[in-house]
Amino acid sequence: MQRQIFTDEHDAFRETVRTFLTKEVLPHYEQWEKDGIVSREAWLAAGRQGLLGFAVPEEYGGGGNTDFRYSAVLAEEFTRAGAPGLALGLHNDIIGPYLTGLGTDEQKRRWLPGFCSGETITAIAMTEPGAGSDLQGIRTAAEDKGDHWLLNGSKTFISNGILADLVVVVAKTTPEGGAKGLSLIVVERGAEGFERGRNLDKIGQKSQDTAELFFNDVRVPKENLLGERDGAFIHLMTNLAQERMGIAVAGIAAAEHLLEITTRYVKEREAFGRPLSKLQHIRFEIAEMATECAVTRTFIDRCIVDHSDGTLDAVHASMAKWWATELQKRVADRCLQLHGGYGYMAEYPVAKAFTDGRIQTIYGGTTEIMKEIIGRSLLA
């Protein structure tokens, strides 16, 4: 079906992203996978190309364009290229809104120009060894010392954890407040007592640096409080819909791309003297996946438009995230099966997509959390 949500400007931007991938990402990606981290030069190149901070006001070096469809194009093209390691979506769509929506004028002047140029790479540190989706379990604490915060604790599974120059840390500022006693504290590279642990060895997304972070009596300036004291819960809930939409967009794009790869493969691969595509079972498998992708694409595109218009609610964002990522997981598994032994070989795109995409149903809120949000809204 012909998609109806993009204009000529979006199409031109898509070509820009594809050119960037061809010139600045794909030639280096195999090395980044071996290194377990991408090059900082790639971030600077993304900044020069205008791929960072396009929703940031122009006065701070951004594009001044809040149309989420540009983010969707970026997510789709990086997904199709099999290049999730350069986490521009995390930077632009998850952390950017905290800085632009909550930052003071002084904070914006200090942080946003580097954010847009690629000189300042960002991360958000929420998950802890004993606390993931349950914010009440967060133990990292920031104690008010009058002229500074004294930050202690640890975080894990932090994307961009090794490269990050600016880390938005979710910390407890009112111990008895539970989830309502959390604040966002920004820690900058070089702060005394701020240490990075190992670059975690994952089953997929090998080039995406994911680290443990440790805060040992880190003195953080009072002016690095982002948003309201004890306001992190509301701040986080406000921005989660966009995070989940970005994941959903990547999910359906991955499923569609896997279907394209596998459709070509079964036409070319022969068994018992004829192409696999001549077998009824194979045709049924392709038909089922194609239909599921088409139906999902229609819903996700509607959610993209709604989010661009500011009308998408948390429930529908949760539906999009749950459905698209679970579809991606099913399609990846079925497509790998249709490739047979070749599907298990690491150099085949379907194998890489299988391992790279497995995290999709986990981060940004697990499928189970998405169902709880949806169910609670319907049965409250």
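A salt bridge here is a side-chain nitrogen of Lys or Arg within 4 Å of a carboxyl oxygen of Asp or Glu. The model is predicted: local features need pLDDT of at least 70, side-chain atom pairs count only at pLDDT 80 or more, and totals for chains, interfaces and linings use all residues. Residues are numbered from 1 along each chain as its sequence is written, and side-chain values use heavy atoms, leaving out hydrogens and water.

Q: Which residue forms a salt bridge with Arg40?
A: Between domain 1 and domain 2 the count is 2 salt bridges. In the pair with Arg40, the closest N and O atoms are 2.7 Å apart. The partner is Asp165.

Q: What area is buried between domain 1 and domain 2?
A: The domain bounds, from an automatic or database assignment, are 8-120 for domain 1 and 123-228 for domain 2. Buried area is the accessible area (1.4 Å probe) that two parts lose on being put together, summed over both. Carbon and sulfur atoms give 63% of the area between these domains, and the total is about 2,000 Å².

Q: In domain 1, which residues lose the most area to domain 2?
A: The residues in question together make up 24% of what the domain 1 side buries. They are Ile37, Arg40 and Trp111.

Q: How many residues of domain 2 are in contact with domain 1?
A: Contact means heavy atoms within 4.5 Å. Domain 1 contributes 23 residues. From domain 2 the number is 24.
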